[in-house]
Amino acid sequence: MQGLLWTAAVLAVLPLVAIVTHIVGSGFAALSTSLFFKSPAPAGVSGGGMANGIAGTLLLVAMASVIGLPLGIGAGLFLAERAGTRLARITRFVADVLSGLPSIVLGIVAWELIVRPSGQFSAIAGGVALGALMLPLVARATEEMVRLVPNALRESALALGYSQWRTSLTVVLRTALPGVLTAVLVALARVAGETAPLLFTALGNAYWSLNPTEPIAALPLQIFSYAQSPYDDQRAQAWAGAFLLLVLIAGLSLIARLVVRARQRLLRAGPSRTDAP
Amino acid sequence: MRVDLTGAGATFPYPLYARWFNEYAQETNVRVNYQSIGSGGGIRQVLANTVDFGATDVPMSDADLERSRTPIIHVPMVLGAVGITYNLPEITRPLRLSGEVIAAVFLGTITRWNDPRLVALNPDATLPDRELLVVHRADGSGTSYIFSDYLTAVSAAWSAGPGRGREVLFPVGIGGKGNEGVAGQVKQMPGSLGYLEVVYARQNRLPVAHIQNRAGRFVSPMPYEVASAATSVVDAQSSAKDLRISLVNAPGPQSYPIASFTWLLIAPDAIGPRKTAQLVAFVRWALADQNNAASTLGYVALPGSLADIVLDRLEQATTTPPRP
Amino acid sequence: MPETPADRAYRGYTTLSAIAIPALVCVLAVLIARAALPALAADSGVSVIGRTWDVGRGQFGLLPALVGTLTTSFFALCIAAPLGLGAAVVAAELAPRPLRAPLAFLLDLLAAIPSVVYGLWALAVVVPLLRTRVMPALADAFPNAALVAGPQYGPSMLAAVLVLAIMILPYISAVAREVLLAVPRTQRDAALALGATRWEMIRDAVLPYARTGLIGGVMLGLGRALGETMAVTMVIGNRHTLPTSLFEPGYTLSSLLANEFGEASAEGHVSALMAAACLLLGVTLLVNGLAQWLVWRTQHGRIGDHRGAD
């Protein structure tokens with residue numbers, strides 16, 4: 001039985017090894033400077049790059065953050081500080097269910113809400129869809145992190161005459177900041193690779209554009225269309241794009257891990273963590 | 001940036017339109033913004049008057065034209081052809097197909113490459129005993145419309161079955177997204193066969209079948225054969241009230257049978273005389289195609305005689321005094 | 001302490017943020033339901049049990065896509081659940097301590113790879129492998145099995161099942177690992193005190209205790225599989241018929257949306273796709289809600305009894 005379990009573990013990790021070696025192998029080979037500095041060449045013409053997709057993904061993630069972060073962190077603070085209220089219970093449950101929602105549905109909603117009325121696919125619509133995707137992730141993670149902050153800290157701040165909002169933002173949130181940052185990075189990594197919500201919103205664009213009211217290119221969209229492309233150049237670029245995406249995501253998770261480690265060291269050095277007195 | 005005209009629609013001619021608009025802006029300082037959102041979208045936007053012109057590979061239906069508050073003109077801009085491509089390492093000479101056989105393949109009644117009907121058309125080739133894997137479009141498209149329009153014209157079984165449309169219910173095969181998707185699947189799947197815009201087959205060096213035309217000859221979708229189809233059909237239908245003309249199964253010994261126009265949609269009364277005049281001037285410039293943009297990019301330009309007919313029709317339609 | 005205007009502003013901000021999440025879901029549900037409403041009309045051509053999806057003729061049978069969604073997810077779960085749970089037991093209990101964290105990290109990384117990248121890999125590696133090796137071998141080994149009969153395209157239900165299994169595996173093992181780690185010390189110590197070996201302790205004390213949570217983890221994986229879009233769209237072959245074999249190309253609700261929503265122009269077509277979105281939403285929310293509840297019950301309910309109030 002134990003042998004079977006070990007076999008299962010090895011089989012579970014095997015695809016990862018296969019995928020990562022393949023992407024690193026094929027993707028690294030297709031990296032070039034033009035990939036970062038040029039927009040796609042017309043199909044069938046060799047050369048060109050994914051500069052517009054890289055810029056588009058960064059812009060889309062930035063727009064998603066503008067929506068997802070303030071609301072998500074705010075909601076997380078509410079969930080942690082007023083854990084017992086009815087609103088908190090509802091929001092917590094809805095956020096959990098929402099994080100299991102097929103992301104393509106958010107794309108459809110953003111289409112109904114923005115693309116249809118405005119008559120145009122746009123970066124804004126894509127940013128909103130990704131922002132909505134981020135919202136529950138950031139909210140729940142912020143809640144968890146804020147809850148880890150010892151109650152004693154909050155109470156001492158209040159006792160020292162700090163007002164409610166100052167205590168929450170400058171003492172509690174600040175203490176929890178590394179954890180929240182980690183959660184934010186993980187959420188960013190998640191939305192950066194999302195494709196389905198962008199299909200009917202950002203749409204993709206063969207040209208360089210940073211205009212939020214126009215269709216915009218994105219790395220995942222380019223990978224999606226190039227993966228199925230008959231052009232060898234484009235298929236090679238799909239691997240390069242996948243490599244970039246993986247580097248971006250692995251980089252974000254790595255930073256997140258380092259932040260966690262730094263924080264743990266800090267906590268170990270700091271005052272002992274006891275829960276409510 | 002100042003934009004003089006906005007348009008939206010078909011994706012197939014997009015690379016050509018993009019180049020035309022770019023060069024036209026440099027020559028005349030008239031700027032055109034074109035969004036390739038698909039033929040259906042082009043029709044929808046013109047009906048909603050949210051754009052100055054639309055573009056489509058599928059002619060508007062009579063019902064759609066009646067729904068419009070003002071008359072809409074179809075202006076053929078360039079020619080396209082649908083090719084049958086395949087991946088069969090065993091054969092070197094181009095495959096030969098007839099309308100009936102293509103229909104049988106896409107209806108699923110021919111399932112192997114050494115089917116007697118295929119062998120009869122290709123007596124010199126050694127067709128392998130291999131599964132014939134069908135690839136079609138998974139998304140709605142003008143290419144599917146042209147292809148199914150052709151099959152409807154040549155095969156009773158097809159016409160009684162799946163019929164013609166932008167979205168077709170194929171009884172067999174797998175779906176690829178876009179012309180690229182179909183080309184990609186065929187390229188990677190030995191034993192497969194699919195239909196796609198010829199431009200894509202050519203750019204990917206995929207083989208294209210020769211197809212038996214109405215005159216019984218096997219022709220390839222080269223520019224001359226596609227242009228012949230257009231000329232012969234327009235000659236035969238010179239009295240048609242508009243240029244929403246289907247070019248499939250065209251008469252004439254040289255005509256390639258699966259060809260089509262792609263159109264601009266213009267509603268002169270909706271956009272007013274100034275913009276109409278700007279558009280007419282653009283069409284005149286584009287049809288002259290002095291820079292050979294169409295053929296460089298792999299499209300088939302309208303032959304000169306046909307371009308004259310199109311411009312005459314356009315002049316007539318746009319200079320008739322508005323109804324009181 | 002009296003509440004200052006700044007306090008009120010802060011409270012307003014967090015409250016509004018908290019309301020935003022349920023509000024988002026309401027907007028989402030209302031928008032999709034409203035857009036799908038025309039599909040309820042008798043003459044809409046939309047039917048959940050219809051087998052024909054023919055846009056040109058206005059027939060929108062959702063059954064093939066629904067069955068495709070359910071069967072691919074089911075088979076994927078059959079593969080991923082034992083592997084994922086096995087890996088979780090190893091990562092949480094069996095592996096030597098220094099190995100546990102790296103193993104968990106690898107599984108987390110697997111969960112972080114974007115769907116479209118899985119699709120790219122599956123299209124380039126899994127599909128050709130299926131076409132040239134696996135499918136012929138399976139067809140030879142089981143010549144009479146309907147499940148592995150038919151043309152061997154490569155893109156197929158089977159390809160979707162495999163890529164889904166690989167994708168949901170890390171989710172299952174991540175949740176399962178957390179559930180296992182949450183099994184209280186007392187439970188383990190009791191078993192060890194009775195003279196159980198480590199493996200007997202896991203088998204007789206840890207696993208039964210964690211059962212509900214483990215089932216929840218598996219269901220969470222199922223929820224993922226049901227809603228997964230991009231990778232499936234890339235390998236399933238996009239075909240609107242009720243599949244009878246794993247070799248056949250098929251469709252899922254989400255890949256149907258991915259392929260057709262962008263181009264749908266006829267009103268009937270759009271409302272049929274919205275109905276598909278409703279169906280997808282309903283199925284995934286149901287499975288996810290149930291899964292969340294099961295996991296929550298193990299982590300909070302029963303464990304709470306041992307730890308005392310939180």
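Predicted model: local features only at pLDDT ≥ 70, side-chain atom pairs only at ≥ 80, totals over all residues.

Strands β2(C) and β3(C), the latter covering residues 59-61, pair in the antiparallel sense over two bridges. In that pairing, Asp54(C) sits opposite Gln59(C) of β3(C).

Zooming out, the open sheet has three strands in the order β1-β3-β2 (chain C), and its pairing is mixed. β1 (46-47) and β2 (53-54) of chain C are the edge strands with a single partner each, so one side of each has no neighbour in the sheet.

## The nonpolar cores

The largest nonpolar core has 198 residues, and those touching the most other members are Val117(C), Ala122(C), Ala159(C), Val163(C), Val235(C), Ala276(C) and Ala277(C). Helix α5 (residues 157-181) of chain C is the top contributor to this core, giving 20 residues. There's also a second, separate core of 100 residues, with Leu118(B), Leu196(B), Val199(B) and Val283(B) among its members.

What does Ala276(C) contact beyond its neighbours within four places in sequence? The partners are Leu62(C), Ala65(C), Leu253(C), Leu256(C) and Leu257(C).

Leu253(C), Leu256(C) and Leu257(C) are among the buried residues of α9(C). Helix α9 (residues 253-260) of chain C is mostly covered, with eight of its eight residues buried. Glu260(C) and Asn259(C) are also on that buried list.

## Where chains A and C meet

The contact draws 68 residues from chain C and 64 residues from chain A. On the chain C side, helix α1 (residues 5-36) supplies the largest share, 18 residues. By class, that side has 49 nonpolar, 18 polar and one charged residues.

Technical notes
Residues numbered from 1 in each chain as written. Chains lettered and ligands numbered in written order. Contact = placed C-beta atoms within 7 Å. Helix = DSSP H or I, 4+ residues; strand = E, 2+ residues; numbered from the N terminus. Nonpolar A, V, L, I, M, F, W, Y, C, P; charged D, E, K, R; others polar. Buried ≥ 20, exposed ≤ 12 C-beta atoms within 10 Å, placed from the backbone. Core = buried A, V, L, I, M, F, W, Y, C linked by C-beta atoms within 7 Å. Pairing = 2+ DSSP bridges.
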